[in-house]
Each structure stands twice: as C-alpha cells, then as structure tokens.
Amino acid sequence: MDFLGKGRRGNPAAAGAQRQGAAPASAPPAPTTKQAGDAAEARALAHLQAAGLRLAARNYRTPGRGGGEIDLVMRDRDGTLVFVEVRQRASRTHGGAGASIGAAKQRRIVFAARHYLLRLAAPPPCRFDVVLVEQGTVTWLQAAFDAQGW
C-alpha cells in the first residue's frame, strides 16, 4: 500500500483486500495535557459565569520570559477584579489539584496580576481565586490566597 491508502498500481480492490485482516481501529487517543487544561478552563469559566462573574481576559501573560500567566481574569458583580488560577487533576492523589499551587506559583500569579493592573487607570479591589477541577467536580475557592508578602 502506498501513502495514499491505495494498493499497488492504484487498485482500490487490492487495497481493500489488504485491510480486511487488519486489526480494528483503536480507541481515540487520550487528550493531551494542553487539551485537558483547556477543557478544565472552559468548565471553570462556565461555572464562574453561572455564578454571575464576567470574563475580562483569558490566559493573560506578562511579556518576556519568567513572568506569569493568569488563566482567567473575571469581574465580580460588586466590581472586584478576580484573578483565577484553574487547576485540573485526574485524581486526588499527591494532594490533588489544590496542593499543586505552591508559593512559587502564587508569586508568579501575583506578578502577572500587578502587571495587568498597571494597564488600568484606577485599580479596583482584587482577589485571587482558585478553581479546582478533579474527577468531574468543580470546586471554587474564593480568596484562596492574597498578594501580601509578594
């Protein structure tokens, strides 16, 4: 068979005959880490919007290397700007998704938030939330950490 899926000399019948004994198609490949993360972000966004928050920015990144990224920037009903970190884990072993947000990750999120706030004429009240997506469950942790000390 050639790369177009045809048998020798372009004979489709020959190609079909060669495929008859082939193994059945396997299950689709598992989603990549990026695809799983994007799906978790979409679920988190839907959850927050259902709670009344409005999307201000998605995947905000500081310029250059070594900066930070904020998964979702939301605006709460009272005007508070909410910087949201979304964490997804297939299981809760090793502490689950929440345990993966250590001091270094918090520091990068705060850095990115400060950079985001520089674009605004007057910074509004802010908070840092975390949305955990684990085993099909969405958990929203409001004011999960603060910018003090960073």
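**Strands, cores and a pocket**

Visitor: Which residue in strand 4 is the bridge partner of V84?
Guide: D129 is the bridge partner of V84 in strand 4. Keep in mind that this is a predicted model.

Visitor: In what sense do strand 3 and strand 4 pair, parallel or antiparallel?
Guide: Parallel, over nine bridges. Strand 4 also pairs with strand 5, in the antiparallel sense and over six bridges. There, L132 stands opposite T139 of strand 5.

Visitor: How many residues sit between the strands in the hairpin of strand 4 and strand 5?
Guide: Two residues. In that hairpin Q135 takes a positive phi near 50 degrees.

Visitor: Is strand 4 mostly covered or mostly open?
Guide: Mostly covered, with eight of its nine residues buried.

Visitor: Back to strand 5. What does V138 touch?
Guide: V138, which has its place in strand 5 (residues 137-145), touches R43, H47, V131, L132 and V133, leaving aside residues up to four places away in sequence.

Visitor: How far apart are V138 and H47?
Guide: They are 91 residues apart in sequence and 7.7 Å apart in space, C-alpha to C-alpha.

Visitor: New topic, the largest nonpolar core. Which members touch the most others?
Guide: The core has 17 residues, and I70, V73, L81, F83, Y116, F128 and F145 are those with the most other members in contact. Two or more residues each come from strand 1 (54-61), strand 2 (69-75), strand 3 (81-89), helix 3 (103-117) and strand 4 (126-134). Helix 3 gives the largest share, six residues.

Visitor: And what does F145 touch?
Guide: Not counting residues up to four places away in sequence, F145 touches Q106, I109, V110, F128 and V130.

Visitor: How do the lining residues divide into nonpolar, polar and charged?
Guide: Ten are charged, four polar and three nonpolar.

How values were computed: Residues numbered from 1 in each chain as written. Predicted model: local features only at pLDDT ≥ 70, side-chain atom pairs only at ≥ 80, totals over all residues. Heavy atoms only, no water. Core = buried A, V, L, I, M, F, W, Y, C linked by side-chain atoms within 4.5 Å. Buried < 20%, exposed > 50% of the residue type's maximum accessible area, 1.4 Å probe, protein only. Helix = DSSP H or I, 4+ residues; strand = E, 2+ residues; numbered from the N terminus. Contact = heavy atoms within 4.5 Å. Nonpolar A, V, L, I, M, F, W, Y, C, P; charged D, E, K, R; others polar. Pairing = 2+ DSSP bridges.
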